[in-house]
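Welcome! Take a look at the picture first, and then we will go through it together.

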Amino acid sequence: MNSKILLKKYIDSQKKGVILSFIFVALFLASQLTIPFLIGKSIDALGTIENGIFTFSINTNQVIIYLSICIVLAIIGVFADFLFEYKVGIISQEVVKDLRVKVYNKINSVSIETIHNKEVGDLLQLEITDIENIATGIYSVLKQLVQGVLQIFITIILMFVTNWILALGVLVLSPLSIIVSKFVASFSHKYFAKQSKMMSKLNTYSLETINNTELVQSLNYQNEAIKEFTKRDDDLRKTSKVAQFSASWTNPSTRLVNNIIYCLIGIAGIILIIFSPTVSLFNMSIGRLSTFLTYTNQYTKPFNEISSVLAEFETAKYSFNRIADFLNISDDIDDGKDTLDSQIEEIKFEHMSFSYNKDKKLIEDFNCTIKKGMKVAIVGPTGAGKSTLINVLMRFYDPCSGRVLVNGKDYLTIKKEELRKHFSMVLQETWIFKGTIEDNIKYAKDDASSEEVKNAVKESHADSFIYTLPFGLDTQVSSKEGLSEGEKQMLTIARIMMVKNEIVILDEATSNVDTMTEKRINDAFDKLLEGKTSIVIAHRLSTIMKADIILVIKDGQIIEQGNHHDLMNKQGFYYQLFTSQFK
């Protein structure tokens, strides 16, 4: 769906609101544009021109009636304009609310690969900055566009009613303003596009620095980080300056053209007044000229106002295109239709190959069978493919070739949701959200009772620190404050203690806890994993000595497999890894 179709879809969804806005703005314009006509009538009621001399012959009743109607119309116009602007504001907020939800849903529905390929700053810009740009753009542009188009249409009619000769003159000259505006807009658009891209990169860099503040300061990298940020910010400033400078020319240039048109029409009107007594076709009076000059100004005003919001329009247009492109990304592919009617008894990798980059091989011809109840450990040097294997098993990525069988069934035919609900994961990265400790634990099972939470806390040994906090389970925490890294890890472990799925994946789950706590957690794991399947990625090999099978991976290949005793006796690569940790 391209951006134009998407925009039409959102306008159609607000059709009733748009129609109501048209009614309010039409009422506002009708009242406001009738006033100059009545003022002109009032001027003509003051007297007449005879032989080039103005003679006062005031028709008091007409003047009072015309001016009284003007006051009533002015009051009606104020209320109609308020209701119009209020309705436009409601429409813009409804549209961006729906867009914001769609962007967030898309972030959660695209594949992990898509998210990994996107910069974090770019995603934040889509969800926050681009949405705000669109909100501003819709309000500004829709207001000026709807009001401007109607004002131009009504004003043209009234100009022809007032004097058709001058009306034709205005229509012939007015395209000059449009041409100038179009030229400036086309020039500035490319700079607004460049500005948005540079802002995305600046957001990404800033976010990375903020998230790694401790590392930046520990390496004394603050000055370099500030220099790099300042450089990027200065580049953005220069591009934004050119974009704003070019867009800023639109309003003054169109105003110049419109003022020239205004002067020419004024001169032509005076000439018509002079020759009006002798040429009845001209039919011009002082009141009519006053009315027509007001209409000329009212006619050109929408062009000026539309050009004045050109910067907002260009920014909103580019942001809307970015969001439309993102929403067009395909959702995570899930062709699986089958379900698992029982627990997973066996996982089998058959000649499975995978790589993130086709030009760089990672896992090649991988074969392995994992039976229910087995404790499988995966070891190997950094970059060997240990975590990648988990990504494939969880179907965050699908194999490039070969297949993975679950209970003898190709796992591509199984629904992802159905497959994943049999797994629990504790990774090196902690998943802590802003909220209470209890909220964080219940994230894995939102309907869990308080008793289940307390049992999970006890089994994970997280009670050793939770109940020392001032508010216990009700203590507010976040990813940045309230807990140490080890305490965060223990909370993530408490989650899987509660859900108790039959397969548990541990990616160095105790890497952030002390030796004493590690022993307690490992004892808890031994109890939790009784009769269950566990897959453990280990860097500290002392933690997997009791594994039923150890897979030693190097360069994506299983080069050794067996239990700890057998592998040590072989004195191969595993033996080298194990002994090196004690040297």
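A residue counts as buried when its relative accessible area is under 20%. Keep that cut-off in mind as you read on, and remember that this is a predicted model.

**The chain as a whole**
- The chain has 583 residues, and 44% of them count as buried.
- Its secondary structure comprises 21 helices and 14 strands.
- Take the contacts between residues at least 6 apart in sequence: 76% of these join residues at least 24 apart.
- The chain has an accessible surface of about 30900 Å², and carbon and sulfur atoms account for 59% of that.

**A strand to look for: strand 11**
- Strand 11 covers residues 503-507, and five of its five residues are buried, so the rest of the structure largely encloses this strand.
- In a regular strand, side chains alternate between the two faces of the sheet.
- Which residues of strand 11 lie on each side? Ile503, Ile505 and Asp507 are on one side, while Val504 and Leu506 are on the other.
- These residues are all buried, and both faces of strand 11 are therefore covered.

**The partners of strand 11**
- Strand 8, made of residues 423-426, pairs with strand 11 in the parallel sense over four bridges.
- Opposite Leu506 of strand 11 you will find Val426.
- Strand 12, made of residues 533-537, also pairs with strand 11 in the parallel sense, here over five bridges.
- Asp507 has Ile537 of strand 12 as its bridge partner.

Terms used:
Residues numbered from 1 in each chain as written. Predicted model: local features only at pLDDT ≥ 70, side-chain atom pairs only at ≥ 80, totals over all residues. Heavy atoms only, no water. Helix = DSSP H or I, 4+ residues; strand = E, 2+ residues; numbered from the N terminus. Buried < 20%, exposed > 50% of the residue type's maximum accessible area, 1.4 Å probe, protein only. Contact = heavy atoms within 4.5 Å. Areas by Shrake-Rupley, 256 points an atom, 1.4 Å probe, with all protein chains shown as cover. Pairing = 2+ DSSP bridges.
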